[in-house]
Amino acid sequence: MNNRLKSLSGRRQVKRPEWIISVIENAKLDISAENIAKNIYNVIGKAEADVHGASLATIHFHEVGRDDAVKMIVGISVAIASLDIDEIYCSHIHDGHGSVKCSYGVLQVARTGGGSNEKAV
């Protein structure tokens, strides 16, 4: 991964899918890693649109649009591509139940687009 992903925007605002795709395309990644990262954001975007009854063109990302999240998704995409991984398995995605302890204290787990993401997995 190159230095182009070190500082993406310096802004703490929500990001539109096309902005994230342009960052990925301009990062000069291996084409396989680029396609994996774009596909991940496409799945997330479709789930977000589905949850909000909107189109992919009208949604924006909050947490997954933050610079560190983009870097993590791109980093994972580079790893998947370089290791030539064909399949990934995970346990059931637990979403919308209980609470989590984090730096802000104990927060209730909110229902997110994760339920829609499960359909795509």
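Lysine 38 forms a salt bridge with glutamate 25, and their closest N and O atoms are 3.1 Å apart. Because lysine 38 sits in helix 2 and glutamate 25 in helix 1, this pair ties together parts that are 13 residues apart in sequence. Glutamate 25 counts as partly exposed, at 40% relative accessibility. The model described here is a predicted one.

Lysine 38 and glutamate 34 are four residues apart in helix 2, so about one helical turn separates them. Both lysine 38 and glutamate 34 are buried. Through shared partners, Glu25, Glu34 and Lys38 are joined into one network of salt bridges. Side chains of opposite charge can pair when their charged atoms come close.

The count of salt bridges comes to four. Another of them joins arginine 16 to glutamate 18, the closest N and O atoms being 3.0 Å apart. Arginine 16 is partly exposed, with a relative accessible area of 31%. Glutamate 18 is also partly exposed, and its relative accessible area is 46%.

Read from the N terminus, the order of elements is α-α-α-β-β-α. The chain has 121 residues, of which 27% count as buried. Among contacts between residues at least 6 apart in sequence, 56% join residues that are at least 24 apart. The chain exposes about 8200 Å², and carbon and sulfur atoms supply 54% of that area.

In soluble globular proteins, nonpolar side chains tend to be buried together.

Serine 77 lies in helix 3, which spans residues 67–82. Serine 77 has a relative accessible area of 0% and is therefore buried, the cut-off being under 20%. Leaving out residues up to four places away in sequence, serine 77 touches Ala33, Ile36, Ala37 and Ile40. Alanine 81 is also found in helix 3. With neighbours within four places in sequence set aside, alanine 81 is in contact with Asp30, Ser32, Ala33 and Ile36. Alanine 81 and alanine 37 are 44 residues apart in sequence, and their C-alpha atoms are 9.9 Å apart in space.

A polar atom of the lysine 15 side chain lies 3.4 Å from the backbone oxygen of glycine 65.

Lysine 28 lies in the loop between helix 1 and helix 2. At 68% relative accessibility, lysine 28 counts as exposed, because the cut-off for that class is over 50%. Although lysine 28 is not a glycine, it has a positive phi of about 60 degrees.

The loop between helix 3 and strand 1 holds aspartate 84, another residue other than glycine with a positive phi, in this case near 55 degrees. Aspartate 84 is exposed, with a relative accessible area of 61%. Leucine 83 lies in the loop between helix 3 and strand 1 (99–102). Leucine 83 is exposed as well, with a relative accessible area of 61%. Leu83 forms a nonpolar patch on the surface together with Ile85 and Ile88, and the three residues have about 310 Å² of accessible area together.

Note on methods. Residues numbered from 1 in each chain as written. Predicted model: local features only at pLDDT ≥ 70, side-chain atom pairs only at ≥ 80, totals over all residues. Heavy atoms only, no water. Polar contact = N/O pair within 3.5 Å; in protein donor to acceptor, adjacent residues only side chain to side chain. Helix = DSSP H or I, 4+ residues; strand = E, 2+ residues; numbered from the N terminus. Buried < 20%, exposed > 50% of the residue type's maximum accessible area, 1.4 Å probe, protein only. Contact = heavy atoms within 4.5 Å. Areas by Shrake-Rupley, 256 points an atom, 1.4 Å probe, with all protein chains shown as cover. Patch = residues over 30% accessible without salt bridge, like charges linked within 9 Å, V, L, I, M, F, W, Y side chains within 5 Å. Salt bridge = Lys/Arg side-chain N within 4 Å of Asp/Glu carboxyl O.
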